[in-house]
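This report goes through selected local features of one protein model. It takes loops, helices and aromatic rings in turn.

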Amino acid sequence: MDTIFQRMQTYSARHQLFEKNSSLLLMLSGGGDSVALLHLLVQAQHLGFGSKYDLIVMHVNHQLRGIEADEDEAFVVHLCKEMDLHIEVRNVNVADYAQEHRLNLEDTGRTLRYREAEAYLNELCDTRQQPHSSGRIITAHTRDDRIENFFTRAIYGSGLGGLAGMAPRRGRIIRPLLDIDRTELRRWLTMQEYSWREDPSNQDTSRTRAFIRAHIVPEAEKLRPNFRENLARTMDLVADDDKLLSDMALSFAQNFCLERSKDDHIILDARLMLTLDPTMARRVVRCAITETFEDASRLDASHVVAILEGLDVLRHLIDSGEKVPPKKNLFVRDIPPALRVKINCATIGIARIQD
């Protein structure tokens, strides 16, 4: 049987996650998954896996768990010092940001964590005189995360893209452990006598992901012991189909865009949107929103459907021959995360709600 390291190596090579002369930034929480990945990447450096690179570590303290969060920070700082690795620590007030922008804590934590990582990785690339595109943010997501993500999206509603699950690579983010289960990593850490931190909130089954982990996944394993492999294979097939359709949707979204300001607003040509099949129209709307607003990655399918229902109002008016003032809003709807959708006879406008 291949070792954990060999499986990571094979998966990374298959998906071309590591490239020559890349600046690598590992996100280290102190939990078992990220600690295991840290040790595996250090081992990779020693064995000459991939290309030679300088591994930098980042820890983001969300300031949500008081002394426990501070102890996590102290743990990772001490660990990196022992391993002679540079660690960049950033503190962000997730609770305040979530309240201000009307977001849940989990989405806010992820948004701010990646924002800090992207900014620091750009600094690293600039210092090394490398293009920003050469940088990589490494996360320790496992196959368990991918499965839990699938069930979460299925429960709350998602399009095909959401059911495809986490990808090995998204932009500059790479996930070399997606083919490995969490229990395997814990077993490996124990055998190597490596310590790690446990986040008590992961056991709180009032949270959706923790409930799925504690109840739904074990029951699925009772029905089909190899369901993890089967589901992962299914998600891979869905991801292939989704990529083809997503590429088409991105092209339409770009061609139908009349005006766009990153993270502020986007205006689409409503008449051109009416020429699309409803299936593709859903994808174009989702693509336009997620490409414009960085915190809209978890847009529910129900919100996209609502926007298309608003577009149907315009379609019926055109078919009836009824004359409507060009600037009159035919449809107005607020959707998460704090966005307002307005549709008139000519455009679909989606913008941040201004207090």
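Q63 sits in the loop between β2 (55-61) and α3 (67-82); helices (H or I, at least four residues) and strands (E, at least two) are DSSP runs, numbered from the N terminus. The model is predicted, so local features need pLDDT of at least 70 and side-chain atom pairs count only at pLDDT 80 or more, while totals for chains, interfaces and linings use all residues. Residues are numbered from 1 along each chain as its sequence is written, and side-chain values use heavy atoms, with hydrogens and water left out.

**Loop residues**

Q63 is not a glycine, yet has a positive phi of about 55°. With a relative accessible area of 41%, Q63 is partly exposed; buried means under 20% relative accessible area, exposed over 50%, and partly exposed in between (1.4 Å probe, protein chains only). Q16 is a residue other than glycine with a positive phi, near 50°. Its place is the loop between α1 (4-14) and β1 (24-27), and Q16 is exposed, at a relative accessible area of 58%. In the loop between β9 (331-335) and β10 (339-343) lies P337. The peptide bond from P336 to P337 is cis, with omega near -5°.

**Helix α4**

A95 belongs to helix α4 (residues 94-101) and is partly exposed, with a relative accessible area of 34%. Not counting residues up to four places away in sequence, A95 touches L64 and L105, where contact means heavy atoms within 4.5 Å. A95 and S206 are 111 residues apart along the chain, and their C-alpha atoms are separated by 19 Å.

**Helices α6 and α10**

Helix α6 (residues 143-156) packs with α10 at an angle of about 70°, and the axes are 11 Å apart. Axes are lines fitted to C-alpha atoms, for helices over the stretch in contact, and angles run from 0 to 180 degrees between N-to-C directions. The two helices, α6 and α10, are therefore roughly perpendicular to each other (under 35 degrees is roughly parallel, over 145 roughly antiparallel, 65 to 115 roughly perpendicular, and the rest oblique). On the α6 side the contact is made by R143, D144, R146, I147, F150 and F151, and on the α10 side by F227, R228, E229, L231, A232, M235 and D236.

D242 also lies in helix α10 (residues 227-256). This residue, D242, is buried, with a relative accessible area of 12%. Leaving aside residues up to four places away in sequence, D242 touches L160, G161 and R283.

**Aromatic rings**

Rings of Phe, Tyr and Trp (its six-membered ring) pair if their centres lie within 6.5 Å; planes under 30 degrees apart count as stacked, over 60 as edge-to-face and the rest as tilted. By this rule there are four aromatic pairs. Two of the pairs are listed below.

| Pair | Centre to centre | Angle between planes | Class |
|---|---|---|---|
| W188 and Y194 | 5.7 Å | 55° | tilted |
| F252 and F256 | 5.5 Å | 45° | tilted |

W188 counts as buried at 12% relative accessibility, and Y194 as partly exposed at 29%. W188 is one of the buried residues of helix α8 (residues 182-192). After α8 comes E193, whose phi is positive, near 60°.

F252 and F256 are four residues apart in helix α10, so they are separated by about one helical turn. F252 is partly exposed, with a relative accessible area of 27%, whereas F256 counts as buried at 9%. F150, F151 and F227 form one aromatic cluster.
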